[in-house]
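Please load the model in your viewer and keep the selection panel at hand. The tour below moves from one selection to the next and says what is found at each stop.

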Amino acid sequence: MPRSAFLTEAIARGFVFQCTDLEALDARLKAGPIAAYIGFDCTADSLHVGSLVQIMLLRLLQRHGHRPVVLLGGGTSRIGDPSGKDEARQLLSDEQISANMAGIRRVFDPFLRFGDGPGEAMVVNNADWLDALGYIALLREVGTHFTINRMLGFDAVRLRLEREQPLTFLEFNYMILQSYDFRELHRRHGVVLQCGGSDQWGNIVAGMELVRRTEGKTVFGLTSPLITTASGAKMGKTARGAIWLTAERLAPFDYWQFWRNAEDADVGRFLRLFTDLPLPEIARLEALRDAEINAAKIVLATEATALAHGRAAAEAARRTAGEVFGAGGLAEDLPRVDVPAADLARGVPAFQLFVTAGLAASNGEARRLIRGGGARVNDSAITDEARPVTAADLKDGVIKLSAGRKQHRLVRPM
């Protein structure tokens, strides 16, 4: 068993999948605070729940007195990481990357404490050094430490080739650039640990080897498991899209509902990974059975939402859910969708309005929902998919749409 507080809790909470040298890292952590980093490419203007394990790992590092370093891939986003991908990412413009980076930066504010002190988080952009590199100089200095044989053996490359999916030479360079990032962060900020998902193992090991060969220093790598639900679904994805971490992308109520709808078998694991609750309290909640497990799900939803959106938003979502599900009420904090008043005056076909409100991903899905009896307008079931929803349906200035028992929107004229 490790002796350092960080590794002890990280293992107990389920964050650790692989470590390059657990005993040596444990000794280094016991010797004093370290700086550790995780990289995030800027492929969208927010992050979703699929990145939350890594964010929570950085949070745990900081809680134990270490310095988390958030590396934003302003440079590597121009290439795209091939890990876990069957085809090349669409190349983004510099303007898109810059806008995405600004959005992603805001994601971390609720989770980490930023500043200049030794235990405070920092954000770094790898474009700061990658943009200045001369390609030939990079290959001469760094490329000689990478063999094609070794690179072909890593899963990110091997799996693409086995599936006969193309791997561009541009993407093939990603491992070299990520390794270079590790060395630069070690030189500039004393970073000695790189963390990431288990699909990053090859890139992390390559970066460690580069630091050892060129700097003569020992650094470490640690990966977390890729999270799936108990039924095997990919974490953070739903039929209606990704579960984003910013309110601009996903309303706090919908974020709360995502966690409230967790499968029974996932509750304990998710409480350990995605909340700060003490482990003994999680053990108590995890032991609840049958209908009582719903109380644990409410705690999970409220605590996870409080981290991402603040305690006030989390409590508002909890109250709203109680009103909506407990009494069929019209709660003020439900997500709202603005629809032109002129459209409501003419009448909008129900299936179309459900798509507009984000309660169905397509017209076909909305029609099936309504025909199957799963759609309600102002808590009254409808079965006519073309039934016009009009201004006459307004109640206290809004129209409540419901898909099943757990998805709701308030439509208001604008």
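Begin by selecting E9 and R63, which form a salt bridge whose closest N and O atoms are 3.2 Å apart; the term stands for a side-chain nitrogen of Lys or Arg within 4 Å of a carboxyl oxygen of Asp or Glu. The pair links distant parts of the chain, since E9 lies in helix α1 (residues 5-13) and R63 in helix α3 (residues 52-63), 54 residues apart. Helices here are DSSP runs of H or I with at least four residues, strands are runs of E with at least two, and both are numbered from the N terminus. Across the whole structure, a search finds 24 salt bridges.

This is a predicted model, in which local features need pLDDT of at least 70 and side-chain atom pairs count only at pLDDT 80 or more, while totals for chains, interfaces and linings use all residues. Residues are numbered from 1 along each chain as its sequence is written, and side-chain values use heavy atoms, with hydrogens and water left out.

Show the side chains of F6, L7 and I11 in α1 with L22, L25, D26 and L29 in α2, which make the contact (heavy atoms within 4.5 Å).

Next, select helix α13 (residues 267-274) and helix α14 (residues 279-286), which pack at an angle of about 160° with their axes 9 Å apart. That angle makes α13 roughly antiparallel to α14. Here G268, R269, L271 and R272 of α13 meet L279, I282, L285 and E286 of α14.

Finally, turn to the open sheet of five strands, whose order is β9-β15-β14-β11-β12 with mixed pairing; two strands pair if DSSP finds at least two bridges between them. At its edges are β9 (336-339) and β12 (380-381), each of which pairs on one side only. Within the sheet, select β14 (residues 399-403) and β15 (residues 407-413), which run antiparallel and are joined by five bridges, and then pick out L401, which stands opposite R409 in β15.

Notes. Axes are lines fitted to C-alpha atoms, for helices over the stretch in contact, and angles run from 0 to 180 degrees between N-to-C directions. Angles under 35 degrees count as roughly parallel, over 145 as roughly antiparallel, 65 to 115 as roughly perpendicular and the rest as oblique.
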